[in-house]
Amino acid sequence: MEQWRDRGVWRRGIVLAVIAGLLGLLMLLHTQLPNKVGNLGSLTETFLPWLGLGVPVLFVLALIRRSATALVALLLPVITWVNLFGGLLGDKTGKGGNFTVATHNVNAENPDPARTAKAVAASGADIVALEELTNTSRYEKALAGSYKYHSVQGTVGIWSKYPLELVQPVDIRLGWVRALRATVRTPQGPVAVYVAHLPSVRVKFNAGFTAGQRDRSAEALGRAIAQEPEKRVVLLGDLNGTMNDRSLAPVTSQLRSAQGAAGDGFGFSWPASFPMARIDQIMVRGMDPVSAWTLPATPSDHLPVAARVKI
């Protein structure tokens, strides 16, 4: 204890304290980061939870340096991180619900479509949405026994235990079809279901986080959902972005994340080998999420995700 009574504990570790303060400010003011330069704001927001890993590293260094100043400065990133993500740490899964949905980016190069489709169907979902479809017939054959109704529009598809009506592609400004909208006639009444696969993003050394096409598609999808006449809406798909990403606000501002409301933990879904972000989303409007979870890995590079809601 004598070493901590030394007045030097407040003079040592100034650099560590500054780094801790900057880390806290980065998390606290992430919405102020500009997107004009390489979409820096969206890139930071995509992996925002992982900034918390800097706290234990700085904590250990502060102990080694015996710096009280650095330890006090660490309070800012700790409090900010807990404020942002503390609500996701607990298990909010409930019981009940009467409508289960699942979505999966199956990967265009999937070597075993049949096994992938059956793994998602094993969730017991009433609705299954698949994205990045190429070999459609193999998925249709694998799911035929579990789902009486289905429709494929471009590279996205919906499989349902209940009748489908008004199925149509949704224009998300790509020039080809990667989104659809359908009315599902559930026993509790009609539900509008959207299935979407927004364009991929890339991190390039000379261009930063290239997401312009994804952002334009998000705006178009948001407009379509805003004009939806049905009160109950479900959005399923690979949005190539997290709920924290400001560029997805045209969509996320209208809907509620099932994982955020009723999940256990962060529910990261990509990449399947070491999930670091939840870019596969289930969002709802006019219904209450009861539980949300990730499904076991398939031959895809994404994990399937599922949710149960109460209509």
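Guide: Let's start at Ser291, which sits in strand β13 (residues 288-294). Strands here are DSSP runs of E with at least two residues, helices are runs of H or I with at least four, and both are numbered from the N terminus. What you see is a predicted model, where local features need pLDDT of at least 70 and side-chain atom pairs count only at pLDDT 80 or more, while totals for chains, interfaces and linings use all residues. Residues are numbered from 1 along each chain as its sequence is written, and side-chain values use heavy atoms, with hydrogens and water left out.

Is Ser291 buried or exposed? With a relative accessibility of 7%, Ser291 is buried. (Buried means under 20% relative accessible area, exposed means over 50%, and partly exposed is in between, using a 1.4 Å probe and protein chains only.) Skip the neighbours within four places in sequence, and Ser291 is in contact with Thr93, Gly94, Ala262, Ala307 and Arg308. Contact, by the way, means heavy atoms within 4.5 Å.

Thr93 turns up again if you move to Asp264, which touches Leu88, Gly90, Asp91, Thr93, Gln259 and Ala292, again not counting residues up to four places away. Asp264 is in the loop between α11 and β12, and at 46% relative accessible area it is partly exposed. In sequence, Asp264 and Ala292 are 28 residues apart, yet their C-alpha atoms are 7.2 Å apart in space.

Two rings of Phe, Tyr or Trp (for Trp, the six-membered ring) pair if their centres lie within 6.5 Å; planes under 30 degrees apart are stacked, over 60 edge-to-face, and the rest tilted. How many aromatic pairs does this rule give? The count comes to 6. One of them joins Trp50 and Phe268, a stacked pair at 5.7 Å centre to centre with 25° between the planes. Trp50 belongs to the loop between α3 (40-46) and α4, and Phe268 to the loop between α11 (258-262) and β12 (280-285), so this pair ties together parts 218 residues apart in sequence. Phe268 is buried at 18% relative accessible area, whereas Trp50 is partly exposed at 26%.

Trp50 also pairs with Phe274: the centres are 6.3 Å apart and the planes stand at 35°, so this pair is tilted. Phe274 is in the loop between α11 and β12 too, so the pair with Trp50 links parts that are 224 residues apart in sequence. Phe274 is exposed, at 52% relative accessibility. Step back and you'll find Trp50, Trp81, Phe85, Phe266, Phe268 and Phe274 linked by ring pairs into a cluster.

Most residues other than glycine have a negative phi, and most peptide bonds are trans. The bond from Trp270 to Pro271, however, is cis, with omega near -10°, and Pro271 is found in the loop between α11 and β12.

Trp81, along with Leu76, Pro77, Thr80 and Leu84 in α6, meets Ala20, Gly21, Leu23, Gly24, Leu25, Met27 and Leu28 in α2. The residues of this contact divide into 9 nonpolar, 3 polar and no charged. (Ala, Val, Leu, Ile, Met, Phe, Trp, Tyr, Cys and Pro count as nonpolar, Asp, Glu, Lys and Arg as charged, and the others, Gly among them, as polar.) The axes of α2 and α6 (residues 75-89) come within 8 Å and cross at roughly 20°. Axes are lines fitted to C-alpha atoms, for helices over the stretch in contact, with angles from 0 to 180 degrees between N-to-C directions. The two helices are therefore roughly parallel; that label covers angles under 35 degrees, with over 145 roughly antiparallel, 65 to 115 roughly perpendicular and the rest oblique.

Helix α2 (residues 14-28) has another partner, α4 (residues 54-65): their axes come within 10 Å and cross at roughly 165°. That makes α2 roughly antiparallel to α4. On the α2 side the contact uses Leu16, Ile19, Ala20 and Leu23, and on the α4 side Gly54, Val55, Leu58, Leu61, Ala62 and Arg65. By class, that comes to 8 nonpolar, 1 polar and 1 charged residues.
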